[in-house]
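Visitor: I have just opened this one and would like to learn how its descriptions are reached. Could you walk me through some of them?

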Amino acid sequence: MKPLRNIGNTDIQITPIAMGCWPISGVTSVDVTEQASLATLNAAFESGINFFDTAYCYGYEGESERLIAQALGDRRDQIVIATKGGIHWQGTKQVRDASPARIRQECDESLQRLNTDRVELYYLHGPDPEIPVSESAGAFQELLASGKILSVGVSNFTLEQLQEFARVCPISAYQPRYNMLQRDIEKDRLPWCIKNNVSVMAYWPLMKGLLAGKLSRDHQFAPEDGRQKYPMFHGEEWEKNQDFLDVLRTLANEMNRTVAQIVVRWTIQQPGITCALCGAKRPEQIRENAEALEFELSDSQIEAINRAIVQRGTIIS
């Protein structure tokens, strides 16, 4: 039995590692197939992961949600599903719309795609500059009261937006970007979440695959690989990141673990971090990440990692 953690003040229990279901949507990842995606979802469950994170816009036609229903529908009561509303596609362009009517519509459509009568956690995917946060929060409060959603989360919010939303609707989870080299939430949002017992579900723990340690210094990205647009994968930043990874590779070798396992384990041992979302599109990827549930880093190992993080310096992401 894997160790479980509660979502906020709820009695909903999750594994500290979730399968992030964006890659199986096939929108930005290459070499995605339905067969591999279904196998990956099954591998996550078989590896002891019970928490699956998706969204209305994961796939131009909701592919990610539909795949979860197809792969895990017969085990619905054994899994926890988080999905998100407030962003949809118009053609190949993402559109933010967090109006109450749109939030209610997307929630209903997500439930249909997932072939379920409720989701355990429903996020506002991001703030809508045209809609007051409090208005969006009112729609989430209604959905919570209806029983269609069992808890509420928000993603990519500032501290002020968290506070505004929470005045209207209780927040159980916050999903920000967070990893060894991108730790800006520690300044304000993480302390607020700890104080208010809001679970922090970190996305990008492996920094879009960079911190998995499998990309060599001379790696050449495929033209369709969406990661090329980020400075972290180029030039001096790339070299600094590879130097940092060399430190992690040494530690991983000493522990007979992979770099990805060390990185994920470090993440879920950080104060206030409830869960790390590990994206995967192949079974071996999620199996590797799930093994981070099997061990702990010692205080001295965490200190060594933290020294390497300081030496790496501020990252341009």
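Guide: Let us begin with a pair of side chains: S199 and T274 are joined by a polar contact of 3.2 Å. Please keep in mind that this is a predicted model, where local features need pLDDT of at least 70, side-chain atom pairs count only at pLDDT 80 or more, and totals for chains, interfaces and linings use all residues. Residues are numbered from 1 along each chain as its sequence is written, and side-chain values use heavy atoms, with hydrogens and water left out.

Visitor: Why is the link between the side chains of S199 and T274 called a polar contact?

Guide: The term is for a pair of N or O atoms within 3.5 Å; within protein, one must be able to donate a hydrogen and the other to accept it, and residues adjacent in sequence count only if both atoms are side-chain atoms. The S199 and T274 side chains are joined at 3.2 Å, so the pair qualifies.

Visitor: Is S199 buried or exposed, and how do you know?

Guide: Buried means under 20% relative accessible area, exposed over 50%, and partly exposed in between, with a 1.4 Å probe and protein chains only. S199 has 4%, so it is buried. Leaving aside neighbours within four places in sequence, S199 is in contact (heavy atoms within 4.5 Å) with N6, I7, G8, S172, A173, Y174 and T274.

Visitor: What makes the buried residues of helix 4 line one face?

Guide: Those residues are V133, S136, A137, A139, F140 and L143. Seen down the helix axis, they fall within an arc of 155°, so they line one face of helix 4. The arc is that of the directions from the helix axis to the C-beta atoms. They pack against helix 3, strand 8, strand 9 and helix 5.

Visitor: How do you know what span to expect for helix 7?

Guide: The expected span is 1.5 Å times one less than the number of residues. Helix 7 has 21 residues and reaches 30 Å from its first C-alpha to its last, close to the 30 Å expected.

Visitor: Why is helix 7 described as roughly antiparallel to helix 10?

Guide: Helix 7 and helix 10 pack at an angle of about 170°, with their axes 10 Å apart. Angles over 145 degrees count as roughly antiparallel, under 35 as roughly parallel, 65 to 115 as roughly perpendicular and the rest as oblique. That makes helix 7 roughly antiparallel to helix 10.

Conventions:
Helix = DSSP H or I, 4+ residues; strand = E, 2+ residues; numbered from the N terminus. Axes fitted to C-alpha atoms, helices over the stretch in contact; angles between N-to-C directions.
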